[in-house]
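Let's take a walk through this protein one piece at a time. Keep the picture open while you read.

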Amino acid sequence: MKLKQRVVLLAILLVIFIFTKVFLIDNSDSTAANREDQHSFQHMMDKLRIELNPNLEHTLQSPWEIAAQWVVPREVYPEDTPELGAILHAMATKKIIKADVGYKGTQLKALLVLEGGQKVVFKPKRYSRSYVVEGEPYAGYDRHNAEVSAFHLDRILGLRRAPVVVGRYVNLHTEIKPVASEQLLSTFLTQGNNSCFYGKCYYCRESEPACADGHIMEGSVTLWLPDIWPLQKHRHPWGRTYREGKLARWEYDESYCDAVKKTPPYDSGPRLLDIIDTAIFDYLIGNADRHHYESFQDDGGASMLILLDNAKSIRVSTWNRLNYLKNGVLSTAMRTAMSHDPINPVLTDAHLEAMDRRLMGVLATIKQCIEQFGSDSVLVEDRMKLSHLK
């Protein structure tokens, strides 16, 4: 073989070797990332069922101290939470030492302080489980059971951005009124044999109180985030106008998404991907009312969206997790996760079946985008570099 032919052959072999190595590395990355997602999903499924147990082993800390230490910029609680059962038990049973009207907002709630000084937000039951609210998607009162189910969906999706929530029964006569502030106490009334209160909020009315069954009121209790993590409110870029006949810009301007992507904090960092994760979360729980969102203050767009009062790219880890939950796995996981809760059943079968249907709609939409634009344009690898690339 002539020297020139040998050089050409070697060059071709070198090119083939380089492309093969790049392909194998990329494929190895993808396979390792998928294995990582599968392991994380299985670990979550194994830990779904939580027993409400007051015992905290291997620590002298209070449940409140442990929960406060969980909070970091990218998660409200960690993937491994062996103390979660004890924290939920404390939230559901600890003595109420103070009760006041809720913080600013549109919906009725009460701010409680539990023994040990922990603040929680109590949302009362307003509807039966099977009641259907007519009208706009954002119509009606907040549902306390939606708060509980949203927390567990957050666990199942692996987002870890929703504050810890548990159901609780409270006796308004013996647990709330004796420790209530004058402002809260002034909103109490009686309807028939039932104790009621209407609190103080934008939509709170004496004519529309929340009423207990006798003195016993069902509700949800949300753990207050530590004061060292103050929240900052942002207007949601895809929020509604809430004005009849007036569309938001995103509803008619096809260039709106490109404009958002050039605007801080969505032009860099994880914030835009967080918005997309949150949109999927909201669609699954039927929340059409996220006109604002919260993040930790002074984060420069680096911290997550906090999922309180539950673009074109999506995280690969989110896509994988959603696929693992199809074919009824989501509703089964939700049933398991909520089986421990004091107000179980938290959701009806119809609610859970609707979540499975919505999930299939999400997957079909993303798949359509992948087929139209390609996976490289639609799916974004969001994890740290894998160990073999370090």
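## A strand on the inside

Start with strand 8, residues 216-223: seven of its eight residues are buried, so the rest of the structure largely encloses this strand. Keep in mind that you're looking at a predicted model.

So who sits beside strand 8? On the sheet, strand 3 (residues 118-124) pairs with strand 8 in the antiparallel sense, over five bridges. Strand 4 (residues 165-171) is also antiparallel to strand 8, and seven bridges join the two. If you'd like to find these pairings on screen, here are some residues that face each other across the strands:

| Residue | Opposite it in strand 8 |
|---|---|
| Lys123 | Ser220 |
| Pro124 | Gly219 |
| Val166 | Val221 |

One handy thing to remember while looking at strands: in a regular strand, side chains alternate between the two faces of the sheet.

Now zoom out a bit. Five strands make up an open sheet, with antiparallel pairing and the order 1-2-3-8-4. Which strands stand at the edges? Those are strand 1 (96-101) and strand 4; each has a single partner strand, so one side of each has no neighbour in the sheet.

Helix 3 (residues 84-93) touches strand 2 (110-114), strand 4 and strand 8. Compare directions and you'll get about 25° between helix 3 and strand 4.

Next, look at another pair: helix 9 (residues 316-324) and helix 11 (residues 349-373). Their axes come within 10 Å and cross at roughly 135°. Helix 9 is therefore oblique to helix 11. As for handedness, helix 9 passes helix 11 in a left-handed crossing.

Which residues make the contact? From helix 9 come Trp319, Leu322 and Asn323. Helix 11 brings Leu359, Val362, Leu363, Ile366, Lys367 and Ile370. Sort the residues in this contact between helix 9 and helix 11 by class, and you get seven nonpolar, one polar and one charged.

Key. Residues are numbered from 1 along each chain as its sequence is written. This is a predicted model: local features need pLDDT of at least 70, side-chain atom pairs count only at pLDDT 80 or more; totals for chains, interfaces and linings use all residues. Side-chain values use heavy atoms; hydrogens and water are left out. Buried means under 20% relative accessible area, exposed over 50%, partly exposed in between (1.4 Å probe, protein chains only). Helices (H or I, at least four residues) and strands (E, at least two) are DSSP runs, numbered from the N terminus. Two strands pair if DSSP finds at least two bridges between them. Contact means heavy atoms within 4.5 Å. Axes are lines fitted to C-alpha atoms, for helices over the stretch in contact, and angles run from 0 to 180 degrees between N-to-C directions. Angles under 35 degrees count as roughly parallel, over 145 as roughly antiparallel, 65 to 115 as roughly perpendicular and the rest as oblique. A crossing is left-handed if the near helix is turned anticlockwise from the far one by less than a right angle, and right-handed if clockwise. Ala, Val, Leu, Ile, Met, Phe, Trp, Tyr, Cys and Pro count as nonpolar, Asp, Glu, Lys and Arg as charged, and the others, Gly among them, as polar.
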